[in-house]
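This briefing is meant for a reader who is meeting the structure for the first time.

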Amino acid sequence: HSRLNRRFIFMNNFWEKLPRPFFILAPMADVTDSAFRQIVLSCGKPDILYTEFVSCDGLCSEKGKPKLMPHLAFKENEHPIVAQFFGANPNNFYKCAQLAVELGFDGIDINMGCPAGKIVKHDSGAGLIRNPELAKEIIRETKRGSGGLPVSVKTRIGYNKIITEEWISHLIEAEPAAIIIHGRTMKEMSKVPAHWDEIGKAAVLCRKAGILIIGNGDIASYADGLEKAEQYGLDGIMVGRAIFSNPWFFKPSIDSLSKTPAERIKLLKKHVELFIELWGNEKHFDIMKKFFKIYISGFDGAKELRVKLMTTKNAEQVEETLNHID
């Protein structure tokens, strides 16, 4: 019975079927919704996509669930896609794992890395690094609700100080399918260069345990990712902020500098359209503004155009501003 079960889990485990090293677009709050993922897909498909992190407690409350469900929306072309949850209540992780199965996700990820104060103080995100017993219970409950879908953990190398081996050893005890490790502590946020030597230490432990290991932090280009994967013995690389300077990151054959202003503007228009399609007018349009620099940069007059775009209040005004460019 357990052999059959293991075989089912392997068949269900998309991680096992990927090329090595594989590349993942990192989950980023108010960034990696389905609208932005569609833009990235149109520029070059990562091997795996993630949702933004979604609150387990919110999804398990009558009032919160309807508001949060759009964060879990995805389209057919986004597979394999992983739902990322955060929280500190194991029972709610169990319920959210069941929800992820119901919605057709390929995997479930537990956020144990977010350094935001309001998350951490509730023992969620990177706060779980201080509570390894709770962290393990959350992994086990998520696995129990996951219907055989692989459960991964995204985390950091410590809370106030680096404790890579100690912390990763705890996680390994609960046997997640994969561990994604961001090479900084909670305290370091993103203010210091990522400690890739620490990611290398985590890789040694994970390989021994048969758990996939993915590195994250300061990846500058696709070639840089390949090099780091090789150097530190990683199965995959997760890319976050680099997508802001190059939406074509995942298609290394494309030189982003060769993209014309017209092509970039077309991409921005498409993004605004997808954003409105997903969120309607209920989501604060200002969130869209953090994306302008992705498209409107690297050409003459880009800065002036961005300044104008920052004064817009809605999709119509963006459209109007972009249509008035000679």
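In this predicted model, Phe250 touches Phe23, Ile24, Leu25, Val40, Gly44, Lys45, Pro46, Tyr222, Val239 and Ile243, leaving aside residues up to four places away in sequence. Phe250 itself lies in the loop between helix H11 (242-245) and helix H12 (261-279), and with a relative accessible area of 7% it is buried, because that value is under 20%.

**Around Phe250**
- Phe250 and Val40 are 210 residues apart in sequence, while their C-alpha atoms are 8.3 Å apart in space.
- Phe23, one of the residues that Phe250 touches, has Ile237 of strand S8 as its bridge partner.

**The sheet**
- The open sheet is formed by 8 strands with parallel pairing, in the order S1-S8-S7-S6-S5-S4-S3-S2.
- Strand S1 (22-25) and strand S2 (49-55) stand at the edges with a single partner strand each, so one side of each has no neighbour in the sheet.
- Neighbouring strands of this sheet are turned against each other by 25° on average, direction ignored.
- S1 and strand S8 (residues 236-239) run parallel and are joined by 4 bridges.

**Helices on the sheet and against each other**
- Helix H7 (residues 132-145) packs on the sheet, where it touches strand S4 (107-112) and strand S5 (151-156), and its direction makes about 165° with that of S4.
- Helix H9 (residues 196-209) also packs on the sheet, touching strand S6 (178-182), strand S7 (212-216) and S8, with its direction at about 175° to that of S7.
- H7 and helix H8 (residues 164-173) pack at an angle of about 35°, their axes being 9 Å apart, and H7 passes H8 in a right-handed crossing.
- The contact between H7 and H8 involves residues including Ile139 of H7 and Trp167 of H8, and its residues divide into 5 nonpolar, 1 polar and 4 charged.

**Salt bridges**
- The count of salt bridges comes to 14.
- Asp235 and Arg20 meet in one of 3.3 Å, N to O; Asp235 lies in the loop between helix H10 (222-232) and S8 and Arg20 in the loop between helix H1 (2-12) and S1, so the pair ties together parts 215 residues apart in sequence.
- Asp235 is buried, with a relative accessible area of 16%, whereas Arg20, at 39%, counts as partly exposed.
- Lys75 forms a salt bridge with Glu277, with the closest N and O atoms 3.1 Å apart; Lys75 is partly exposed at 34% relative accessible area, and Glu277 is exposed at 54%.

How values were computed:
Residues numbered from 1 in each chain as written. Predicted model: local features only at pLDDT ≥ 70, side-chain atom pairs only at ≥ 80, totals over all residues. Heavy atoms only, no water. Pairing = 2+ DSSP bridges. Helix = DSSP H or I, 4+ residues; strand = E, 2+ residues; numbered from the N terminus. Axes fitted to C-alpha atoms, helices over the stretch in contact; angles between N-to-C directions. Contact = heavy atoms within 4.5 Å. Left-handed = near helix turned anticlockwise from the far one by under 90°. Nonpolar A, V, L, I, M, F, W, Y, C, P; charged D, E, K, R; others polar. Buried < 20%, exposed > 50% of the residue type's maximum accessible area, 1.4 Å probe, protein only. Salt bridge = Lys/Arg side-chain N within 4 Å of Asp/Glu carboxyl O.
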